[in-house]
Amino acid sequence: MQVGADAMIVSNHGGRQLDGALSSIAALPSIVMTVGDRMEIFLDGGIRSGQDVLKAVALGARAVFIGRAFLYGVQALGGEGVTLALDIIRKELDTTMALCGCRDILHIDRAIIETRDETRELKAFVQTSCRDKPP
């Protein structure tokens with residue numbers, strides 16, 4: 001994969017040293033909305049698991065960079081450790097996708113991580129139920 005003029009990497013290098021700095025994943029949705037389809041967006045920072053990969057893709061990232069897992073793998077087992085770390089993240093992503101009912105990463109979108117407003121739904125249910133019953 002080559003990052004060129006038609007791609008952007010969302011990263012807050014050094015953000016961990018600045019309290020209150022916006023995380024890369026928090027900045028991602030507004031950047032994706034602003035950029036639209038004009039370029040591909042990649043996310044760097046904060047990816048620790050397959051669930052993190054799914055969240056980033058759901059929020060519009062085309063791909064993610066996995067630096068820390070890579071470094072931990074190298075430190076532990078050299079090249080084999082990198083392969084193991086990537087295999088673990090891939091298996092976590094596969095499991096997370098399966099639990100969400102998604103078979104293809106290309107079908108992941110924001111709807112997979114958005115939550116419903118359960119309070120609003122409960123209120124609507126109660127109002128509907130009360131209308132159907134005599135006072």
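## Overall make-up

The protein has 135 residues, of which 28% count as buried. The structure is a predicted model. Five helices and three strands are present. Read from the N terminus, these elements follow the order β-α-β-α-β-α-α-α. Among contacts between residues at least 6 apart in sequence, 50% join residues at least 24 apart.

## Confidence in the model

The average pLDDT of the protein is 84, and 78% of the residues score at least 70. Among the elements, α4 has the highest mean pLDDT, at 96, while helix α5 (residues 118-131) has the lowest, at 58. Where pLDDT is low, predicted coordinates should not be read in detail.

## The nonpolar core

The largest nonpolar core contains 24 residues. Those with the most contacts inside this core are Leu28, Leu43, Ile47, Val53, Val64 and Ile108. Four elements each supply at least two of the core's residues: the helices α1 (24-35), α2 (50-58) and α4 (79-99), and the strand β2 (40-44). The largest share, five residues, comes from α2.

Leu43 is one of the residues with the most contacts inside the core. If residues up to four places away in sequence are not counted, Leu43 touches Val10, Ser24, Ile25, Leu28, Ala56, Ala61, Ala63, Val64 and Phe65. Two of these partners, Leu28 and Val64, are also listed among the core residues with the most contacts.

## The second largest pocket

The second largest pocket holds about 330 Å³ of space. Its lining is made of 15 residues, and the closest to the pocket centre are Val57, Ala61, Arg62, Ile105 and Ile108. Ile108 is also among the residues with the most contacts inside the largest nonpolar core. Helix α2 and strand β3 (63-65) are the elements that give two or more residues to the lining. The largest share, three residues, comes from α2.

What kinds of residue form this lining? There are 11 nonpolar residues, three charged residues and one polar residue.

## A buried loop residue

Ser49 lies in the loop between β2 and α2. Is Ser49 buried or exposed? Ser49 has a relative accessible area of 17%, and the cut-off for buried is under 20%, so Ser49 counts as buried. Leaving out residues up to four places away in sequence, Ser49 touches Ile89 and Glu92.

## Two exposed loop residues

Leu22 is in the loop between β1 (7-10) and α1. Its relative accessibility is 56%, and exposed means over 50%, so Leu22 counts as exposed. Apart from neighbours within four places in sequence, Leu22 is in contact with Asn12 and Ala27. Leu22 and Ser11 are 11 residues apart along the chain, and their C-alpha atoms are separated by 9.8 Å.

His107 is placed in the loop between α4 and α5. With 58% relative accessibility, His107 is over the 50% cut-off and therefore counts as exposed.

Note on methods: Residues numbered from 1 in each chain as written. Predicted model: local features only at pLDDT ≥ 70, side-chain atom pairs only at ≥ 80, totals over all residues. Heavy atoms only, no water. Core = buried A, V, L, I, M, F, W, Y, C linked by side-chain atoms within 4.5 Å. Buried < 20%, exposed > 50% of the residue type's maximum accessible area, 1.4 Å probe, protein only. Contact = heavy atoms within 4.5 Å. 1 Å grid on protein atoms, 1.4 Å probe; cavity = no way out; pocket = protein on both sides within 12 Å on 5 of 7 lines; lining within 4 Å. Points joined across faces, edges and corners; volume = space filled by probe spheres on them. Nonpolar A, V, L, I, M, F, W, Y, C, P; charged D, E, K, R; others polar. pLDDT = per-residue confidence, 0-100.
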